[in-house]
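Me: Hello! I have just opened this structure and would like a friendly walk through some of its contacts. Could you take a look with me?

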Amino acid sequence: MSAKSDPGRSLALLWGSHTRPGRSGLTVRAIVDAAIELADAEGLDAATMRRVADKIGVGTMSLYTHVPGKAELNDLMVDTVLGELYTGVADPGGHGGWRDGLRYVAERNWDVSLRHPWLLDATGGRPTLGPNAVLKYEAELRVLDGIGLTDLQMDSVLTLVLTHVEGVARSHAGLARAQRESGLTETEWWRATAPVLERVMTGHDFPVAGRVGEASSQVYQASADPAHAFAFGLDVILDGVQRLMK
């Protein structure tokens with residue numbers, strides 16, 4: 001939401017009906033769905049009001065009678081995608097204990113980030129407080145409720161898990177973008193880079209970086225492995241949560 005946006009107007013739009021057609025038969029849901037399709041295919045910047053109108057086959061001004069502007073459209077897109085996470089507030093806690101539930105939360109957020117990479121660009125700063133975002137928060141907190149954490153610790157643990165997911169998802173998106181732009185897979189890029197790196201580092205005092213870098217690259221066959229980073233970091237976080245419990 002931009003600094004000039006009206007928070008009250010945006011919230012009313014988020015919580016209002018998205019399926020009720022206007023005089024032209026156009027609905028908010030149709031606008032948002034078209035914007036999400038564009039963003040999935042080409043990135044968030046592609047989901048302009050004009051491009052969305054062209055995709056639907058209406059005039060750009062027709063959109064403004066339903067959605068005031070791009071900032072509000074972004075909020076609607078984010079909240080709609082968050083609706084893909086869970087079937088209801090009891091979903092994440094419906095299988096096993098808190099550890100399985102929190103892992104499920106992390107994996108669901110990871111999967112959504114991979115399906116909609118633009119989500120990383122559309123979120124940040126103040127949260128989008130639509131119905132799906134609030135349902136998400138409720139559902140994810142229920143995994144941690146009653147396990148010996150204070151309310152502040154519950155919020156902090158959830159923030160830590162989601163921040164971990166977002167950070168690794170950004171790394172994944174960056175590697176995917178680099179692959180598209182270079183035309184090289186991570187393995188191809190690393191095999192071309194490693195011999196040169198080894199040669200230029202020879203004679204310099206980087207013994208730890210050389211040893212650890214070689215060990216990890218042998219496993220990854222790349223400069224990094226976001227899937228490994230996701231799983232490893234999540235295990236460490238879950239072990240830390242266990243120590244917090246009273």
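Me: Which handedness does the crossing of α6 and α9 have?
Reply: In this predicted model, local features need pLDDT of at least 70, side-chain atom pairs count only at pLDDT 80 or more, and totals for chains, interfaces and linings use all residues. Residues are numbered from 1 along each chain as its sequence is written, and side-chain values use heavy atoms, leaving out hydrogens and water. A crossing is left-handed if the near helix is turned anticlockwise from the far one by less than a right angle, and right-handed if clockwise; for α6 and α9 the crossing is right-handed.

Me: How many of the residues in the contact of α6 with α9 are nonpolar, polar and charged?
Reply: Residues of α6, including Trp-110, meet residues of α9, among them Leu-158 and His-172 (contact means heavy atoms within 4.5 Å). Ala, Val, Leu, Ile, Met, Phe, Trp, Tyr, Cys and Pro count as nonpolar, Asp, Glu, Lys and Arg as charged, and the others, Gly among them, as polar. The division is 12 nonpolar, 3 polar and no charged.

Me: How many aromatic pairs does the structure hold?
Reply: Rings of Phe, Tyr and Trp (its six-membered ring) pair if their centres lie within 6.5 Å; planes under 30 degrees apart count as stacked, over 60 as edge-to-face and the rest as tilted. Tyr-86 and Tyr-104 form a tilted pair, at 6.3 Å and 40 degrees. Trp-110 and Phe-230 form a stacked one, at 4.7 Å and 20 degrees. The number of aromatic pairs is 2.

Terms used:
Helices (H or I, at least four residues) and strands (E, at least two) are DSSP runs, numbered from the N terminus.
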